[in-house]
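We will go from stop to stop, and at each one you will get something to select and something to look for.

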Amino acid sequence: MIRREFLARTLSVAVASLFARNVSAQHSMHDMHGMSDMDDMPGMSSSHSSHANQHAAQGTPKLAPETAIPSGAPLAALRTLRNESSEPGVFRATLVAQPVRRQLMPGHPTALWLYGDAAQGPIVGPLIDVREGDTVEIRFVNHLPQPSTIHWHGLPVPPDQDGNPMNPVAPGETHVYRFTLPPGSAGTYWYHPHPHMMSAEQVFRGLAGPIVVRAADDPLAAFPERHLFFTDLKLASDASVAPNDMMDWMNGREGQFVLVNGARRPRIDVAQDERWRLWNGGNARYLRLSLGGNRTFTQVGTDGGLLDKPRDGLTELLLAPGERAEIVVRAGAQASTAVLTAAAYDRRKMTMTEGKSLPADPAKPLADVRFTPSSTAAARTVPPTLRPIAPLLSSTDSAADKAPRKSVVFSEEMDMTAMHRPGATMSALPPGMQFMINGARFDSSRIALTSRRGEVEVWSIENRTDMDHPFHLHGTQFQVIRRERGGVAVPEPYLAWRDTVNVQPGETVRIATVQRDAGERMFHCHILEHEDLGMMATLKVV
Ligand code: C2O
Ligand code: CU
Ligand code: CU
């Protein structure tokens, strides 16, 4: 814990120095966030030297240039977690979380934390490829210097198997997670650590991996499948994983690198129509995905599997942190190229000045796609109905009015006084930066909400802060009913199963949800820095 206290202390010094100098926030904060030069020595007069000083105070190192990791290699297939069982219907495997050194920047090894030794292959946790009905038994070995857990993001696993922060696995310990995947659970999920106040760090050091649950009767089984697991990496110029700075804590950490299956800007060759599964495994980065121009694709799935009907003709798709999607990408009629891009998305990142936000980050290329349609490729069609999805609640009948209601309110408080007080913060993360749910920070001994198992409820999630926050609820898939903002209510235009939904500032998102198992479930903002800072709460299911 000593390191953590040190971090809190240096952050508080940084915050204090920020206010002491009353920097012109909008400009210098923006520089500070993406800043990669530290040549100026700290000074007291100009705003430029004052932000250099903030950096010095925080000990934020000089960052590596955006081109430091080579690009252009063919997209690597994910590693696959080996099933150690030969029994039908049983998937048994071992996941070791451990420090690993890998060379990402030529000549400079980076110390990462990874699942498996990853001596070769993508620096992403191995793919857990399983089927509905399987019993999954994963032996987790914690070789990290910190307690950890494995959380099965989105899967309907029993609460005591879900890697909650209340059930840490100590360094050196082993823990077996066991669950059975129910019918209807086919979809695109992921796993990542969920220890109290250390999730952000463990994920940004490399701990996250994909899960695919397959259905016996998958209407898109004939499509060749491609996996794109997006992660975010922030490296110092010496190739070490940079620590979080104050802006990372406030807005969620974004690195200078967005990796696809662990590589920067890989090349994807598409010779026939393909089904892509997409994961946003970054701490905080929003991915407004596009193939450029008016090139269209078809969305066929969300977090919890296939939609009822495909959504054709999309030119972009927003994946908030933690979200997944399935799309069908067409090879087209003739050879062409495209750049898979994270287009600019304004999530209203904050500055230290009230009411001011940073401009949206510029678009970022993620992968180069080369379409070389093969004349021999089998023609495949996406059926007009993918699978039936029954609405949990129909908004027209009285069920919706009778359903129990729950309210979740996101709020934030930037306490200037606390931020000024150096040393006032020996026990926690940055002082004075409060991200709350229903007016409180996470407290593992407090139950925020209670639900009955099997009872469909309507939750309204209201964002009373100045920035976007992705809401995530454990243990189930929910349906978005409608979104309200500025007095305008928009019913959700399609049926889908989700476990994560973005909520914009001033917006209220209404969902229908039901829990099947008794026990404690977490719900939180999936910007992992916010989760660690306390934007999380416990739902008790009775
Ligand atoms: Cu992916 Cu509680 O998180
Ligand atoms: Cu989760
Ligand atoms: Cu948040």
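The tour below visits metal sites first, then a sheet and some backbone angles.

Before you click, note that this is a predicted model, in which local features need pLDDT of at least 70, side-chain atom pairs count only at pLDDT 80 or more, and totals for chains, interfaces and linings use all residues. Residues are numbered from 1 along each chain as its sequence is written, chains are lettered from A and ligands numbered from 1 in the order in which they are written, and side-chain values use heavy atoms, with hydrogens and water left out.

**Stop one: ligand 3**

Select the copper ion (ligand 3) and show its surroundings. Which protein donors does this ion have? They are H469 through ND1, C525 through SG and H530 through ND1, lying 2.0 to 2.1 Å from the copper. Donors here are N, O and S atoms within 2.8 Å of the metal (3.2 Å for Na, K and Ca); water is not among the atoms, so sites may look incomplete. Along the chain, the donors of ligand 3 follow the spacing H-x55-C-x4-H. H469 belongs to strand β25 (residues 469-473) and H530 to helix α8 (residues 528-532), so this pair ties together parts that are 61 residues apart in sequence. Helices (H or I, at least four residues) and strands (E, at least two) are DSSP runs, numbered from the N terminus.

Now colour by accessibility: buried means under 20% relative accessible area, exposed over 50%, and partly exposed in between (1.4 Å probe, protein chains only). H469 is buried, at 0% relative accessibility, and H530 is buried at 0% too.

**Stop two: ligand 2**

Next, select the copper ion (ligand 2), which H151 (NE2) and H472 (NE2) coordinate at 1.9 Å. H151 sits in strand β5 (residues 151-153) and H472 in strand β25, 321 residues apart, and the pair links distant parts of the chain. Both H151 and H472 are buried.

**Stop three: a sheet**

Show the open, mixed sheet of seven strands, in the order β11-β10-β9-β13-β18-β15-β16. Its edge strands, β11 and β16 (305-314), each pair on one side only. Two strands pair if DSSP finds at least two bridges between them. β10 and β11 are antiparallel over two bridges, and V260 stands opposite A263 in β11.

**Stop four: two backbone angles**

Most residues other than glycine have a negative phi. Select N261, in the loop between β10 (257-260) and β11 (263-264): its phi is positive, about 45 degrees. N261 is buried, at 2% relative accessibility. Finish at M197, in the loop between β7 (187-192) and α4 (199-204), where phi is positive at about 65 degrees.
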